[in-house]
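Please look over the sequence and the structure shown here before reading the notes on helix packing and charged side chains.

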Amino acid sequence: MRRLGAAIAAVVMVLVALAIRGDWPFGGSGGGGGGTVRLVCTTELEAACTQLAEHDGDVSVTVEPAGTTAQSLVGLPDNQRPDFDGWLAPAPWPQMVDVQRRGKRPLFAKPSDAIARSPLVLAVRTDRKPVLDATPPCSNTTDWKCIGAVAGRPWTDLPGGQAAWGTVKPGYGDPTANATALLVLSQATSEFLDTSDYSRADLQDNDQYLDWLAGLERSVPKLAPSAAGPFAAMLQQLPTATYDAVGTSEADAGPALAAAAPDRRKQLTLLYPEPVVTADVVLAAVAESPNRDAADGLAGDAQLAAALARAGWRVPGQPPARGVRDTPALPRANGIPADPGALVALQDTWHGVPK
């Protein structure tokens, strides 16, 4: 009886230790271990992830904004692990989470190489583009440096602008909530600073940049937040000029514009600012997940690759969706700072400018 009592006590101690570590084997926070792979996807990837879950019964999917996932993970205690096995998101969001944990253990294993890519684009009202082209500093190069210089100004200040257009209204979303919005803001910042290798000091100790960013942000129409994003609002509300220029990805804008009615399609022009910057989809497995190997394996899953291509992403070996071009060619690098902390600094800087 003494031996039996000691054995029971040992089992209880093990189970208590597992519960404290977040490895409780019978469900609850941090559960898992075999069976279904729990995948969290950013909103940009909803269509592809939904298709994957429909075709693979061993994958369950949760879709939420990148910022929502990040916020829940940054403060997660070390004795817990996320209640999912992998995060499918544009880079470098998983690395940004680990950077912000500051002294806590990293949550993610090394992310996969890019599974799918999409160049960032500017969707511009077609009738406004010639006016922008004729306006310094744009001079036939409509990019974010140009848009930032004229944002908020009356169109009548620009050669050929019309009073009915009001002011120059850009849009790109909330870079603390939306993964693509942060990449667009990084592209705009890199164009202004003339480098993609910026640091926190380059952002927060640069009065010219801060004034430019504040002017850009003040000119963004203050609309109710929409899960669909500013490009969808721009397209759906035509001919009303909700926005004059919106930054997003080709995956977001290309297929939607191709599927639009001809009278709407002709009102918008997609531009590919140079140097090309890309949104690169990666899969980051939770480092201590019992399903880590299965989650890692999804990066090479043919069904996921096909679903991403159907959703408008450029995937090697997969036919492109309608509205996705084969030009411009994508650069080897994504044009985003190599240090994920620079993107965190960009979010902090954006938070601090007047809006």
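The points below describe a predicted model, grouped by topic.

**Packing of two helices**

- Helix α2, covering residues 46-55, packs against helix α14, covering residues 302-310, at an angle of about 140°, and their axes lie 8 Å apart.
- The crossing in which α2 passes α14 is right-handed.
- On the α2 side the contact is made by Ala48, Gln51, Leu52 and His55, which meet Gln303, Leu304, Ala307, Leu308 and Arg310 of α14; by class, this contact has 5 nonpolar, 3 polar and 1 charged residues.

- The structure holds 11 salt bridges, and one of them joins the side chains of Arg105 and Glu288 at 3.8 Å, N to O.
- Arg105 lies in the loop between α4 and β4, whereas Glu288 lies in the loop between β8 and α13, 183 residues apart; Glu288 counts as partly exposed because its relative accessibility is 40%.
- Asp244 and Arg128 form a salt bridge at 3.2 Å, N to O, which links the loop between α10 and β6 to the loop between β4 and α5 across 116 residues.
- Both Asp244 and Arg128 are buried, and they belong to a network of salt bridges that also includes Asp127 and Lys169.

**A salt bridge within one helix**

- The side chains of Asp133 and Lys129 meet in a salt bridge at 2.8 Å, N to O.
- Asp133 and Lys129 are separated by about one helical turn, because they are 4 residues apart in helix α5.
- Asp133 counts as buried at 14% relative accessibility, whereas Lys129, with a relative accessible area of 22%, is partly exposed.

Notes. Residues are numbered from 1 along each chain as its sequence is written. This is a predicted model: local features need pLDDT of at least 70, side-chain atom pairs count only at pLDDT 80 or more; totals for chains, interfaces and linings use all residues. Side-chain values use heavy atoms; hydrogens and water are left out. Axes are lines fitted to C-alpha atoms, for helices over the stretch in contact, and angles run from 0 to 180 degrees between N-to-C directions. A crossing is left-handed if the near helix is turned anticlockwise from the far one by less than a right angle, and right-handed if clockwise. Contact means heavy atoms within 4.5 Å. Ala, Val, Leu, Ile, Met, Phe, Trp, Tyr, Cys and Pro count as nonpolar, Asp, Glu, Lys and Arg as charged, and the others, Gly among them, as polar. A salt bridge is a side-chain nitrogen of Lys or Arg within 4 Å of a carboxyl oxygen of Asp or Glu. Buried means under 20% relative accessible area, exposed over 50%, partly exposed in between (1.4 Å probe, protein chains only).
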